[in-house]
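This report describes the fold, the helix packing and the nonpolar core of the protein shown below.

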Amino acid sequence: MPECLDCGRALTPDDIGATRKLINRASTAYRCVPCLAKRFGVSEALLRGKIEEWRSYGCTLFPARKQDPKT
Ligand SMILES: [Zn+2]
């Protein structure tokens, strides 16, 4: 996994998806969600919420969570 450009933290697929969504789809340098939130002047919780929202729309930048067949 690549690391955050700003803080050097190991990135998750959500961090990478969020960078692509917010900055540039073709981006090859990524930031973690806390650093993205700081950059955009929003809270990390808000950004995490947006990620879930985009995921629920079926956005391909975010890997789908495993569906529980009972729900
Ligand atoms: Zn970071």
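## Basis and overall fold

Helices (H or I, at least four residues) and strands (E, at least two) are DSSP runs, numbered from the N terminus. The model is predicted: local features need pLDDT of at least 70, side-chain atom pairs count only at pLDDT 80 or more, and totals for chains, interfaces and linings use all residues. Residue numbers start from 1 along each chain as its sequence is written.

Along the sequence the pattern is α-α-α, and the secondary structure comes to three helices and zero strands. The radius of gyration, taken over C-alpha atoms, is 12 Å, close to the 11 Å that the globule rule gives for 71 residues, so the protein is as compact as a globular protein of that length. That rule is 2.2 Å times the number of residues to the power 0.38. Along the principal axes, the C-alpha atoms fill a box of roughly 40 × 25 × 20 Å.

## Packing of α1 and α2

The axes of α1 and α2 come within 9 Å and cross at roughly 25°; axes are lines fitted to C-alpha atoms, for helices over the stretch in contact, with angles running from 0 to 180 degrees between N-to-C directions. Angles under 35 degrees count as roughly parallel, over 145 as roughly antiparallel, 65 to 115 as roughly perpendicular and the rest as oblique. The two helices α1 and α2 are therefore roughly parallel to each other.

Two residues are in contact if their C-beta atoms, placed from the backbone, lie within 7 Å. On this basis, Asp14, Asp15, Ala18, Thr19 and Leu22 of α1 meet Val33, Leu36 and Phe40 of α2. Beyond its neighbours within four places in sequence, Leu36 is in contact with Ala18, Thr19, Leu22, Arg31 and Leu47.

## Burial and nonpolar core

A residue is buried if 20 or more other C-beta atoms lie within 10 Å of its own, exposed if 12 or fewer, and partly exposed in between. Buried residues make up 20% of the 71 residues. In α1 they are Asp15, Ile16, Gly17, Ala18 and Thr19, and their cover includes α2 and α3 (44–56).

A nonpolar core is a set of buried Ala, Val, Leu, Ile, Met, Phe, Trp, Tyr and Cys residues joined through C-beta atoms within 7 Å. The largest has ten residues: Leu11, Ile16, Ala18, Tyr30, Cys32, Val33, Leu36, Ala37, Ile51 and Phe62. Two or more of these residues come from each of α1 (13–22) and α2 (33–40), and α2 gives the largest share, three residues.
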